[in-house]
Amino acid sequence: MKTRTRWDAVCEVSDLIPDSGIAVWTEDGPVALFYLPDRLPALFAISHTDPFSGSNVLARGITGDLNGEPVVASPLYKQHFSLRSGECLEDPSVQVPVYRVLLDGDRVRLEISVARSEVAA
Amino acid sequence: MSKKNLIVIGNGMVGHHFLEQFAASPAARDFEIRVFGEEKHLAYDRVHLSEYFTGSTHADLAMGTPDWYAESGIVLHLGEPVTGIDRDTRTVTTPEGSYTYDELVLATGSYPFVPPIEGREHPACFVYRTLEDLDAIRASAQGGETGVVVGGGLLGLEAANALKSLGLNAHVVEFAPRLMPVQLDDDGGAVLRQKIEELGVQVHTEKATTTIVEGEETRLRMNFSDDSHLDTDLIVFSAGIRPQDTLARQCGLDIGERGGIVVDNRCTTSDPHIHAIGECALWNGRIFGLVAPGYTMARTLAAALNNDEEAAFTGADMSTKLKLLGVDVGSIGDAHGQTPGARNIRYNDEQAGHYRRMVVSGDGKKLLGAIMVGDNHYYDTLLQYALNGIDLPDHAESLILPASQGGAPSLGPDALPDTASICSCHNVTKVDICGALDSGCTDLGGVKAETRASTGCGGCAALLKNVVDSELEKRGVEVNTDICEHFPYSRQELFHLVKVNGIRTFRGLIRQYGKGHGCDICKPAVGSILATCWNDHILATDHVPLQDTNDTFLANMQKNGTYSIVPRVPGGEITPDKLIVLGEVARDYNLYTKITGGQRVDLFGATLSQLPEIWEKLIAAGFETGHAYGKSLRTVKSCVGSTWCRYGVQDSVGMAIFLENRYKGLRSPHKIKMAVSGCTRECAEAQSKDIGVIATDKGWNLYVCGNGGMRPRHADLFATDLTDEELVRTIDRVLMFYVRTADRLQRTSVWMENLEGGLDYLKDVVLEDSLGIGAELEEHMEDIVGTYQCEWKTAVEDPEKRKRFREFVNAPEKTDPVQQWTTERNQRRPVAESS
């Protein structure tokens, strides 16, 4: 089956919080958006779901970098996830989905794969 | 096979230590163990007996707990003296019954020697040995003005200190020409005398008491052989100890000429099934009147009963270091230079009251003994030279010269042999410490917990720290106090940088002093430091990204991503109306409700987007945030106090509310818990808190640095009978010093244990203002108290801050699909995980 993607507008720039995360709802499930103004690119998007607890909390973690890699720490059990690859630094066998993200004027767009949702529809 | 019977007679420090050692050994499985104690109290720390007069209770001094005995399967017979031993039937008899033994341990200790002076039976004459003795002395001191101690030895001076702390004019009467004749020489004795007379204790040497008669103005008069006399209201005899060997004599065991139960190297008496340890035992013609040799005997016997062929008691080092009436006194090895050919090096500063003497071998290479009065800084190094036979350096005199005279720095830990004893109370050697480090301990606190080093008298604290640091370094564990990879500084150093340079944002700090973008270690730590220094709202834009989610959303995240809410209930006092509001809010939002251990109410299961509405309702009813999410003051627990309780002596609820309102919102390295009890029954459990306050009939006793949790720790008594103002000022200083100097996530107990000098140092800083920062600490606390704001209120009132509480910013109506609920005991709770 061919996978198509779509760039969905999920929020405005004014919704972002510098050096921190927010959560948005997409057809692919909840996604955490991080805005790190000191980096280039400054926007990162990974799944909002913490794979260790199954709860939707990653956007509420503390951001930072470890050995230069941009990361967020899960607010529940404190594992670090790379904002670029989604890989868990403490347990590389665990990975969370990552999304491409871009700025379109004042709008923030996420690349969402829609094949599944179209089939479901 | 049925178990054999082991009976221990005597439940003092040594008897208890034996039980601790034996109960943990394999042989314990083969025995039913019984212990008989004459006193009704469980074994307690006699070394620190005088603290009983400054606020310590039996519980503070106790060596173990009834629970420990029960868990170890040891049957306790307290207040049940053994009256006879029958060696043929191997039976001991008490007023309650008789019990057979296979092995019998005598740990009967000693009794105070009272010289045969006419009149010594007067009711105002006492000895100084048990808690009952102290109770009697305290009762007799009421209404008296003067107290005399007969005996100027170590215990006598302790007793004099006790009389002084009861408010009496204290005198010491000594038969010998100087104080502490066993440990000190004439010059040392003279310096000690001068020092303690300056403290208001009068010393009379070369006095032999002939009679004690009724006094004219006072209760008693002591007449001396030189026809002089001394008027006093009570007398405490502390003229030495005698081994308590009565039972052993009665059953025909070998007894020394001057008393003492004769034992061999395995602490066994002339009967192979009877053993003796501690002050009742006579080894090689000697009685050991200190606790450390008693402990060594206890360990030897425990090993011997485990058939350890090598277990042997081979004598003990009688070196002592102590603070008597606040004066340092130390005595090591052959202090009097009795070794043939020994030579002396002396330093005597009468001006400062410092005296030190080294006894060195004839060839000048080894240290045989030493005496010091006035300053014990030299003790640890000298002891290591003497105990381990380390060659003295050239210019050995530098070891006792003051630092300003080119005195040598302390002996480096590397120079110590592996067998060097670091902590003599718990027999911890350098090898043991290395072993603890190799098995995973990574810091001083860990080594202390693992080996128990420095948890006895505490005299080895500085030496232990040096050894640990040096060994860590050797293992390539750089003793790295950097907080994380972004800052090459400890939390304390960061605190100074922020404060001194007036830095107000994380970004400013990391640009100037760090690298990279920060992480979940340094960001909250810096957030806490900034809050302590400047007390801005923690959700100010610059600070939001620094906070853990709990601080960001002012609630505690639970495992399913929802939050719990804990409003502040100062002192646990709440009006019915406010309680009803809590109930209504919980009902309306279907929140699981539970009473916390800190005397408040926790409401679970609120979603992120519900939080601001819930707070609006709570704020309207007069609630504030309880900071249950923060590294900050949690609660001040209280009992109902003198307002209602027939035992209460102060208004504990009022004080708890005052303290909670004063320190709420203070950001700290870790959470802080407090409690206030209205009387000594201690219903608020204040001694398990960081700050514990217990009412006395004169004011408040302050305890510090306790905690519950994984490693519970009793708080230490810090100051007694404080007024309200003194109490608050003291707490201000302790807390602010903690906030400024602790590492991140370091509770007060670990912080204090890691301070070089520990509790005494903390007392110096806070009570004596030894660093001259007392006023600054108080001022800083005033600032923080003055700029308190309820974080909820500020958050709810600001639309920008409220925006943060949207669960999904693009779908306000969407509820989190993973949150699944069920009902249990009539309340909603998350569905258990399927795994």
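**Close-up 1. Helix α15(B) and its burial in the predicted model.** In this predicted model, α15(B) is mostly covered, with 12 of its 13 residues buried. The buried residues include C522(B), P524(B), V526(B), I529(B) and L530(B), and K523(B), S528(B) and T532(B) are also among them. These buried residues pack against β5 (62-66) of chain A, and within chain B against α13 (491-501), α14, α20 (724-741) and α23 (774-786).

**Close-up 2. The length of α15(B) and the residue that follows the helix.** The end C-alpha atoms of α15(B) are 18 Å apart, which agrees with the 18 Å that its 13 residues should span at 1.5 Å a residue. Just after the helix, N535(B) takes a positive phi of about 55°.

**Close-up 3. The area buried between chain B and chain A.** The two chains bury about 2800 Å² between them, and 52% of this lies on carbon and sulfur atoms. On the side of chain B, H517(B), D520(B) and V809(B) lose the most area to chain A, together accounting for 19% of what that side buries. The contact draws on 37 residues from chain B and 37 residues from chain A.

**Close-up 4. Polar and charged pairs across the interface.** Between chain B and chain A there are 5 salt bridges, and one salt bridge joins the side chains of D15(A) and R806(B), with an N to O distance of 2.9 Å. Polar contacts link 17 residue pairs across this interface, both residues of each pair being at pLDDT 80 or more. On the side of chain B that touches chain A, the elements that give two or more residues are α14 (506-513) and α15 (522-534) of chain B, and the residues of that side divide into 14 nonpolar, 10 polar and 13 charged.

How values were computed:
Residues are numbered from 1 along each chain as its sequence is written. Chains are lettered from A and ligands numbered from 1 in the order in which they are written. This is a predicted model: local features need pLDDT of at least 70, side-chain atom pairs count only at pLDDT 80 or more; totals for chains, interfaces and linings use all residues. Side-chain values use heavy atoms; hydrogens and water are left out. Contact means heavy atoms within 4.5 Å. Buried area is the accessible area (1.4 Å probe) that two parts lose on being put together, summed over both. A salt bridge is a side-chain nitrogen of Lys or Arg within 4 Å of a carboxyl oxygen of Asp or Glu. A polar contact is a pair of N or O atoms within 3.5 Å; within protein, one must be able to donate a hydrogen and the other to accept it, and residues adjacent in sequence count only if both atoms are side-chain atoms. Helices (H or I, at least four residues) and strands (E, at least two) are DSSP runs, numbered from the N terminus. Ala, Val, Leu, Ile, Met, Phe, Trp, Tyr, Cys and Pro count as nonpolar, Asp, Glu, Lys and Arg as charged, and the others, Gly among them, as polar. The expected span of a helix is 1.5 Å times one less than its number of residues. Buried means under 20% relative accessible area, exposed over 50%, partly exposed in between (1.4 Å probe, protein chains only).
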